[in-house]
Amino acid sequence: MQPRNMSMSGVVDLAAVKAAQEAKAKAEQARAESARQGGGGAVAPAALVSDVDEAGFERDVLQRSTEVPVVIDFWAEWCEPCKQLSPVLERLTLEYNGRFVLAKIDVDANQMLMQQFGIQGIPAVFAVVAGQALPLFQGAAGEAQIRQTLDQLVQVAEERFGLTGLMVDPDAGPGAVQAPPTVPAGPYDALLEAAVQALDAGDFGGAVQAYRNVLSDDPGNSEAKLGLAQAELLQRVQDLDPQRTRKEAAEKPADAQAQIAAADLDLVGGHVEDAFGRLIETVRRTAGDDRDAVRLRLLELFEVVGADDPRVTAARRALARALF
C-alpha cells in the first residue's frame, strides 16, 4: 500500500493567525513554567508509549487527549510494514519528549476500534486531540514525512487547543508519575480579589481580564482557571434574550450556534445536565466545523463545573460515544 498523506489544513483557522500565535506563546509559557516549578506531574519516558485496547480506549486515548495529543499506531503482528513503522514511531515519541504520547492498538485484538476509525488497511496512524480524531497517514512512510506530520500535529495541539504536552523526568521509574511539588502561592491575592469584586459588580469583562492577568504569570493557577471559565460564561450570556434564545434552539435543533447559546443559558440557570445533554446531542447531529465548535464549548462548560463533578464524568463518556 502506498503511503497517503492526510492534510491537516482546515483543522487550524488560518484566518486567525494572530490569535493562534498568542495561544502558542501561552502554551510555551505554561510548559516553561511547569519546568521551572520542578516538573510537576512529570512522567517517565516509558509511560509515553503504551498498548491500548477497547476497554481502556476511553481512559487512555479520549480522556488523555484533553491533556496531550495521542498518536495511535494501528498494527498487527503479521503486518511487515508495521514492523518497520512502529519502532520509528516509538523512537520519535521519546525524541519529542512529551509533546505527544503513542498508543499502540493491535487491530486483530481490537476490531471494533478498527471499524470505528474506518481503517481499510494497516499500518494506519491517527491522532486524537481534545477528543477529536485526525487521520495522519496510512501505509509505510519515511521518517522525514513522519516528522513533518508530527510537527504539524504538535502545532495544531498548541495553537488551537493550548495543549503543551507532558513533562518528562528521565530519572522516574517506568510508569511513574511524580506528585506536583509544593510551590508557595504567588502574589495573586489582590488580582483574584479584584476579579471577584468585578464579578459581584457585573463587570464580567473586568473579571475576565483580571483572571487572565493571573494566568499570564501563573498558567496553572486552578482558582484563576475556574474563575475565568465562569466569567467568560457570564459575559457570553449577559446580552442574550432568554426567550428568543430558547425559541431559536427549539426551532433549529441542528443549528450549532443556537444550541451553544441555549446551553450557556442552561448552565447559568443551574441546569447542568440539560446543558451537557443538549450539546452532546448536537454533536451527534452536526459535522465539520459546527461539530467542532459544539465540542469545544462543551469542554469549556466542563471547566466551569469542574473535572471532579460526576456529571462531567458522565458527560465525557457520553461525548466519547457521540464522537465515535
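**A close look at one hairpin**

Reply: Happy to! Let's begin with alanine 130, which counts as buried because its relative accessibility is 7%, and a residue under 20% is classed that way. Please keep in mind that this is a predicted model.

Alanine 130 sits in the loop between strand 5 and strand 6. That hairpin has 2 residues between the strands. Alanine 130 is not a glycine, yet it has a positive phi of about 50°. Why point that out? Because most residues other than glycine have a negative phi.

Now for the strands on either side of the loop. Strand 5 covers residues 124–129 and strand 6 covers residues 132–138. The two run antiparallel, and 6 bridges join them.

Proline 123 lies in the loop between helix 4 (111–116) and strand 5. The peptide bond joining isoleucine 122 and proline 123 is cis, with omega about 0°. This is worth a glance because most peptide bonds are trans.

Asparagine 97 is not a glycine either, and has a positive phi of about 55°. With a relative accessible area of 37%, asparagine 97 is partly exposed, whereas alanine 130 is buried.

Technical notes:
Residues are numbered from 1 along each chain as its sequence is written. This is a predicted model: local features need pLDDT of at least 70, side-chain atom pairs count only at pLDDT 80 or more; totals for chains, interfaces and linings use all residues. Side-chain values use heavy atoms; hydrogens and water are left out. Two strands pair if DSSP finds at least two bridges between them. Helices (H or I, at least four residues) and strands (E, at least two) are DSSP runs, numbered from the N terminus. Buried means under 20% relative accessible area, exposed over 50%, partly exposed in between (1.4 Å probe, protein chains only).
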